[in-house]
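This report describes how one protein chain is packed. Please have the sequence and the model open while reading.

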Amino acid sequence: MNGEEQVARYTTSSGIEVYKLPVWAFENHVTNCYLVLEDAVTLIDCSSAIGDANGSLDRCFDKARDEFGLTVGLKDVERLIITHGHIDHFGGTNHVLEQSGAKIAIHELDVSTLQNFEERRIVAAKDLQVFLRRSGLSTERVEFMLEMNRWSKGLFRPVQVDTVLREGPMDDGPFTIYHAPGHCPGQVCLQLDDILFTADHVLDRITPHQSPEFITRNMGLGHYFSALKRVQAVEGVRLGLGGHLGDIPDVSKRIDETLEFHEARLEKTRSICNAPKTLADISLELFGKRESYHILLAILETGAHVEYLYERGILEVVNHQAIEDADNPVLQYQAV
C-alpha cells in the first residue's frame, strides 16, 4: 500500500531480535511498530485501525517472514505495549486482541484512554472548545475545527489494560521504562539493552507535535523539555528507534537539535508579541496560512509555545478589562 516502507531487523547487545514494522496509519502517515522476540513475543504499538491499517500490519508480518524468515505471526503476540495514547499508536489494539489475545500494557496516565476512550475524548473536546474560543479565531472557524476533532468518535472499542507501566524496570519484561510526557501525558520510551524505543518523544528529522497543558494535563513544553533532558541522560544507548520516520543513530545529538529548534521557535514567538496579539495572530505569523486540519495543529503548537512563555513571565495578557467583562474572552498577549 502507498506509504508503507520496508521492514528491518535489528539485534540488541544481548542478542534479542527486533523487527521494525512500518505500518500505514492514514494518508501520508506511517507508524513504526516493533516486534521484539524476547521471553514473551512483544509488539510495541499497532497503528490506527483506520482504513486498511490493520491489513498493513498483517502485511508487515508477511514481509518480515519473506525477507528475514520470521517464524512468528500476529497470532503469537503475547504482550502489546502501547507507547502513548494517540490513535495512530493504539487504534489497532482490538485487531491485535482478536488475533492473539495479547496482554495490554500502557503508562498509568494513558490507561483511561484505552479503558474509557469516549469519556476522555469528550472531556478533552470541551477543554479544546474553551481554548479555541480564547484564541481569536472566528466563530465559524472554531466550529469547523471542533467538528474536525470529532472524527474519532466511535472509532475505538475500549479494552481492559492488563499491565500499568511506571518509571523504572518493567515488572514482567526486559524493558526499562522512562516516562516522557509532553507530546502525550503517558508517553514512554523503552530501553532494551542498547536500543531505545523513543516513540514520538524523539523523532528523526522532525519534532513531535506539541499542545498546551491547558487542554490536557502533563502535556506542554515544560514537561516535554524536562523529559527530553531525562531521556538524554540515559546511558548505554547505541540506537534510537522512533515511532515515525527513520532510525536515530545518535539520540543525544537529536535531542540537542530538538531543544534548539524549540528555543528558536520560542524566541520567534516572543518577538512576534512586540504588540498585543491573539493566538490566532501569532499562529498566522509563525506558520502562515493553513488549511483544514493543519489549522488546528498550528494553533495548538502556537498555544504550547505561548503557554510556556506566559507561565514564565516572558509574555503577559494585556486586555484585562475584556477578561473581567466576558465569560470566555479572547486573550491578547504581549512581551514583557
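The model is predicted: local features need pLDDT of at least 70, side-chain atom pairs count only at pLDDT 80 or more, and totals for chains, interfaces and linings use all residues. Residues are numbered from 1 along each chain as its sequence is written, and side-chain values use heavy atoms, with hydrogens and water left out.

**Nonpolar cores**

A nonpolar core is a set of buried Ala, Val, Leu, Ile, Met, Phe, Trp, Tyr and Cys residues joined through side-chain atoms within 4.5 Å. Buried means under 20% relative accessible area, exposed means over 50%, and partly exposed lies in between (1.4 Å probe, protein chains only). Helices (H or I, at least four residues) and strands (E, at least two) are DSSP runs, numbered from the N terminus.

The largest nonpolar core has 47 residues. Those with the most contacts inside this core are Leu-128, Phe-131, Leu-132, Phe-225, Ile-299 and Tyr-333. Elements that each supply at least two residues include helix H5 (117–133), helix H8 (251–272), helix H9 (279–287), helix H10 (293–311) and strand E15 (333–335). H10 gives the most, with nine residues.

Contact means heavy atoms within 4.5 Å. Leaving aside residues up to four places away in sequence, Leu-132 touches Leu-137, Val-142, Met-145, Leu-146, Leu-296 and Ile-299.

Two packed helices are described by the angle between their axes and the distance between the axes. Axes are lines fitted to C-alpha atoms, for helices over the stretch in contact, and angles run from 0 to 180 degrees between N-to-C directions. Angles under 35 degrees count as roughly parallel, over 145 as roughly antiparallel, 65 to 115 as roughly perpendicular and the rest as oblique.

| Helix pair | Axis angle | Axis distance |
|---|---|---|
| H8 and H10 | roughly 80 degrees | within 10 Å |
| H9 and H10 | about 105 degrees | 9 Å |

H9 is therefore roughly perpendicular to H10. The H9 side of this contact includes Leu-279, Ile-282 and Phe-287, and the H10 side includes Ile-299, Thr-302 and Val-306. Its residues divide into eight nonpolar, three polar and one charged. Here Ala, Val, Leu, Ile, Met, Phe, Trp, Tyr, Cys and Pro count as nonpolar, Asp, Glu, Lys and Arg as charged, and the others, Gly among them, as polar.

H8 and H10 are likewise roughly perpendicular to each other. Their contact involves, among others, His-262, Arg-265 and Leu-266 of H8 and Glu-301, His-305 and Tyr-308 of H10. By class, the contact of H8 with H10 has four nonpolar, three polar and three charged residues.

**Strand E6**

Four of the five residues of strand E6 (residues 103–107) are buried, so E6 is largely enclosed by the rest of the structure. Two strands pair if DSSP finds at least two bridges between them. E6 pairs in the parallel sense with strand E5 (residues 79–81) over three bridges, and Ala-105 in E6 stands opposite Ile-81. Three bridges also join E6 to strand E7 (residues 163–165), again in parallel. His-107 has Leu-165 in E7 as its bridge partner.

**Two loop residues with positive phi**

Asn-28, in the loop between strand E2 (17–26) and strand E3 (29–37), has a phi near 60 degrees, a positive value in a residue other than glycine. Asn-28 counts as exposed because its relative accessibility is 74%. Asp-193 lies in the loop between strand E10 (188–192) and strand E11 (195–199), and its phi is near 55 degrees, also positive. With 30% relative accessibility, Asp-193 counts as partly exposed.
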